[in-house]
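Let's walk through a protein model together, one stop at a time. Have a look at the picture before reading on.

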Amino acid sequence: MVKAMSDYDVFAKYYDSLMYDVDYGKVCRYVLKIAEKYGVTSPALALDLGCGTGKMCIDLAEQGFDMIGIDISLDMLSKATENAEAAGKNILFLNQDMTDFELYGTVAMITCLTDGVNHITDVRKLKRLLKLALNYLDYGGVFIFDINSEEKLSETLGNNVFYDIDDDVSYIWQSNYNAKSRICRCELTFFIKEENGLYKKSECSIREKAYGIQEMKEFLKEAGFINIRSYKKGERIYFAGQKPKL
């Protein structure tokens, strides 16, 4: 039986093209500054949840961390493996749902960046992720993640249309924000030029849920994290929480 491609498998083919404006090195340096405030530095073992095509794993590996990357999409992980090999980094990639993941031991730091948490639209699953993150952290370890702010999802993205036209890959991105559910639904249509000169159409649908700063802090506290902090950078909000020391 052939497994149908998920929206994230379709998304994987074009993810790096869509994220061309993300400076992963800059994000990595910012995350490490936060981690240092909790006493977490390299060399150490770290996990990146929703690792996508592995760009953040690679940057953290270059900073001395031994990296594990988890993603639900096999196509994302296939691209991540290619990227890691090209960068000469030995990274363990695991095909798991980040809201129900398993490790064989604990790690010093867990990250979930470029709004991976927004993609969890079920609060129960988000709470399960937070509890799992706490469970798989070393005592004193830190969980760092970011989210798109509600302003970005409702105003910048919400009810807008974006497009990019290129000779090889063109796309149309249509977004709709539902204020009641606080979910922004993004419909993406890609047109890919093939070897015969014709264009192939691919479509996928991505949903992101808005979370408030105080709301997220309460979720972290409920999961058992301490020393919870938030940092707003433009339309993105970073959170950090620590597992209590013994």
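Is T189 buried or exposed? T189 is buried, because its relative accessible area is 12%, and buried means under 20%, exposed over 50% and partly exposed in between (1.4 Å probe, protein chains only). This is a predicted model, in which local features need pLDDT of at least 70, side-chain atom pairs count only at pLDDT 80 or more, and totals for chains, interfaces and linings use all residues. Residues are numbered from 1 along each chain as its sequence is written, and side-chain values use heavy atoms, with hydrogens and water left out.

You will find T189 in strand 8, residues 183–193. Helices (H or I, at least four residues) and strands (E, at least two) are DSSP runs, numbered from the N terminus. Leaving aside neighbours within four places in sequence, T189 is in contact with S170, Y171, I172, K201, S202 and E203; contact means heavy atoms within 4.5 Å.

Now turn to D167, in the loop between strand 6 (161–164) and strand 7 (169–178). D167 is exposed, because its relative accessible area is 60%.

Our last stop is helix 4, residues 55–62, which is mostly covered: six of its eight residues are buried. They are M56, C57, I58, D59, L60 and A61. What do the buried residues of helix 4 pack against? Their partners are helix 3 (24–37), strand 1 (45–49), strand 2 (66–71), helix 5 (74–87), strand 3 (92–95) and strand 4 (107–112). Just after helix 4 comes G64, with a positive phi of about 105 degrees.
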